[in-house]
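Subject: Structure for your review

Hello,

The sequence and coordinates are below, with notes on what turned up in them. Please read the notes against the structure.

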Amino acid sequence: MTSVAQPPSPAELTVIHVTVSDPRVRPLLRELGHEYSTRYGKDAHVEISRYPDEEFTPPYGGLLLLLLEGGDPVAGGAFRRYDATTAELKRIWTHSAHRRRGLARRVIAELEREAGARGYRRIFLTTGPRQPEARGLYLATGYTPLFDTEADPETIGPLPFEKHIAVRERT
């Protein structure tokens, strides 16, 4: 009888809050840069450097988190302050060797929980028109599209979404 290795349960993943300068963030930035360049051209790396790193830190209303498995980053994401009641999700990432395991859903859930704990009531985000898997992820996790879902995504540009969340006490 052959046993099949099962993916780790969410309990085996560790969630950590980090700064952009943490070396464990490098795979996230490297893979996102490659992904954006592959889909949108060589200048797409500008998207990763569009916002100052400080915007993803608590003093500025933001957060960057990683999911670690065995100490290695397997997924991550961030939010920044969009306005007084809205957090903007950015840099949602799953390591290329760990996709199709539900890790992006876990990242989004963690970011929503943390945003609610910081008093945000709404989450806003955009994804590129050439990222159908991201579009599907946001629709599957309860985000409302702020665009015509029947239109050709290439005619829209960045696809905006929103989700209203409950303000929560920190645990």
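Tyr138 has a relative accessible area of 6%. Because the cut-off for burial is under 20%, Tyr138 counts as buried. Please keep in mind that this is a predicted model.

What does Tyr138 touch, leaving aside its neighbours within four places in sequence? The contacts are Ile92, Ile108, Leu125, Thr127, Tyr143 and Phe161.

Aromatic pairs

The model has 5 aromatic pairs. One of them joins Tyr138 and Tyr143 in an edge-to-face arrangement, with 6.0 Å between the centres and 70° between the planes. Tyr143 is buried as well, at a relative accessible area of 3%.

Phe147 and Phe161 also pair edge-to-face, at 5.3 Å centre to centre and with 80° between the planes. This pair links distant parts of the chain: Phe147 sits in the loop between strand 6 (144–145) and strand 7, whereas Phe161 belongs to strand 7, and the two are 14 residues apart. Together, Tyr138, Tyr143, Phe147 and Phe161 make up one aromatic cluster.

In soluble globular proteins, nonpolar side chains tend to be buried together. The largest nonpolar core here contains 27 residues, and Phe79, Leu89, Tyr138 and Tyr143 have the most contacts inside it. At least two residues of this core come from each of strand 2 (63–69), strand 3 (72–83), strand 4 (86–94), helix 2 (103–117), strand 5 (122–127), helix 3 (132–140) and strand 7 (159–164). Helix 2 supplies the largest share, 6 residues. Another core lies apart from this one; it has 14 residues, including Val18, Leu64, Leu66 and Leu68.

Helix 2

Is helix 2 mostly covered or mostly uncovered? It is mostly covered, since 12 of its 15 residues are buried.

At 1.5 Å a residue, its 15 residues should span 21 Å, and the end C-alpha atoms are 21 Å apart, so the two values agree. Just after helix 2, Gly119 adopts a positive phi of about 90°.

Regards

Notes. Residues numbered from 1 in each chain as written. Heavy atoms only, no water. Core = buried A, V, L, I, M, F, W, Y, C linked by side-chain atoms within 4.5 Å. Buried < 20%, exposed > 50% of the residue type's maximum accessible area, 1.4 Å probe, protein only. Helix = DSSP H or I, 4+ residues; strand = E, 2+ residues; numbered from the N terminus. Contact = heavy atoms within 4.5 Å. Phe/Tyr/Trp six-rings, centres within 6.5 Å; stacked < 30°, edge-to-face > 60°. Expected span 1.5 Å × (residues − 1).
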